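Please look over the sequence and the model shown below before reading the briefing that follows.

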Amino acid sequence: MKLGINEATCKENSSLELDLQLCEKYHYDYIEIRLDMLKDYLKKYTIEDLQNFFKTSHVKPYAFNSIEDINFCSPAQEKTMLDLFIFACEMGQKINNPYIIVVPTISDEMLTKTDEEIFADSVKVLKKLSDIASSYNMKLAFEPIGNPRWCVRELTQCMKIINAVNRDNVGVALDAFNLFLYNKLQNINTIDLVPLEKIFVYHINDSEDLDLSVLDHCHRLLPGDGVIPLKEISAKLHAKGYDGIASIETFRPQYWQMNPDDVFRLGAEKTKIYL
């Protein structure tokens, strides 16, 4: 697999321009760009500046993060979501960034939705986004998140949706922590449900050993520092022949207090054994 990093890991203590420099310094292959950080970058620089960086660097863009709360949108919410999605498609086409992460909706209301309602809405929305993305040659990586307040939580449910959508440009983002949020990944074999051609993105991270009732994204850790069975996940991905990105993604406040240089260095050191 190829070493990557998601900008969420240092989103409060860095910038896109600094993240690009640190990716080069510590020999990352790919960067996942946050759309909010891209917009901040474009206040100082142009998209041509970013194109020129990627033309001369070994670091390449891989995925935009992220289009969130895509399910059960009001008309106003849908317009806001689609405006950001089209922006991501336009920017992705310009810098040869192939993927956009799309995330199911989180709210207490999702606890009241039936599996049938979630399935039907997810298929409808993903087909609509797929149609838009296809004209830009972009692909969607749908990311299940195990916490009960997200409406698509685990891989069995996710793959039913992906199979029903049945579009070449719609696949899955596997996130180790998000998989762990669902019953602590007690059935790791659900990874086998995802065929190689549908694994668009892999987020590698670790977790504190906490009860699921309190475990949240602030408890993410760098790979190897927690209790997620990352060696077993890597073994399953290797067995499939997956050789795409393994992208470090954390939302840990302690890392946002560190020097970004140290976070990027430690991330590279700790992740390489899983590639």
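Helices (H or I, at least four residues) and strands (E, at least two) are taken as DSSP runs and numbered from the N terminus. The model is a predicted one, in which local features need pLDDT of at least 70 and side-chain atom pairs count only at pLDDT 80 or more, whereas totals for chains, interfaces and linings use all residues. Residues are numbered from 1 along each chain as its sequence is written, and side-chain values use heavy atoms, with hydrogens and water left out.

**The barrel and its pairing**

- Eight strands close into a barrel in the order 1-2-3-4-5-6-7-10 with parallel pairing, where two strands count as paired if DSSP finds at least two bridges between them.
- Strand 1 (residues 2-6) pairs with strand 10 in the parallel sense over four bridges, and the bridge partner of Leu3 in strand 10 is Ala246.
- Strand 7 and strand 10 also run parallel, joined by three bridges, and His203 stands opposite Ser247 in strand 10.
- Strand 10 (residues 245-248) is covered on both faces, since Ile245 and Ser247 on one side and Ala246 and Ile248 on the other are all buried, where buried means under 20% relative accessible area, exposed over 50% and partly exposed in between, with a 1.4 Å probe and protein chains only.

**Strand 6 and its neighbours**

- Six of the six residues of strand 6 (residues 170-175) are buried, so this strand is largely enclosed by the rest of the structure.
- Strand 5 (residues 139-142) pairs with strand 6 in the parallel sense over three bridges, and Ala141 has Gly171 as its bridge partner in strand 6.
- The chain crosses from strand 5 through helix 6 (residues 155-165) to strand 6 in a right-handed β-α-β crossover; right-handed means that, with the strands pointing away from the viewer, the path from the first strand over the helix to the second runs clockwise.
- On the other pairing, strand 6 is joined by four bridges to strand 7 (residues 199-204), and the two run parallel; the bridge partner of Val172 in strand 7 is Ile199.

**Helices against the strands**

- Helix 4 lies across strand 2, strand 3, strand 4 (99-102) and strand 5, running at about 180° to strand 3, where contact means heavy atoms within 4.5 Å.
- Helix 6 lies across strand 5 and strand 6, and runs at about 165° to strand 6.
- In helix 3 (residues 47-56), the residues Ile47, Leu50, Phe53 and Phe54 are buried. They cover an arc of only 115° around the axis, which puts them on the same side of helix 3; the arc is that of the directions from the helix axis to the C-beta atoms.
- The buried residues of helix 3 pack against helix 1 (16-25), strand 2 (30-34), helix 2 (35-41), strand 3 (60-67) and helix 4 (75-95), whereas the face turned away from the buried side carries the exposed residues Lys55 and Thr56.

**Nonpolar core and a buried loop residue**

- The largest nonpolar core has 94 residues, and those with the most contacts inside it are Leu50, Val102, Leu126, Val201, Tyr202 and Ile233; such a core is a set of buried Ala, Val, Leu, Ile, Met, Phe, Trp, Tyr and Cys residues joined through side-chain atoms within 4.5 Å.
- Val152, placed in the loop between strand 5 and helix 6, is buried with a relative accessible area of 0%.
- Leaving aside neighbours within four places in sequence, the contacts of Val152 include Pro104, Ile118, Phe142 and Ile161.

**Backbone features**

- A cis peptide bond with omega of about -15° joins Asn65 and Ser66, and Ser66 lies in strand 3.
- Asn166, in the loop between helix 6 and strand 6, has a positive phi near 55° although it is a residue other than glycine, and at 63% relative accessibility Asn166 counts as exposed.
- Lys184, in the loop between helix 7 (176-180) and strand 7, likewise has a positive phi near 55°, but Lys184 is partly exposed, with a relative accessible area of 28%.

Definitions and conventions
Axes are lines fitted to C-alpha atoms, for helices over the stretch in contact, and angles run from 0 to 180 degrees between N-to-C directions.
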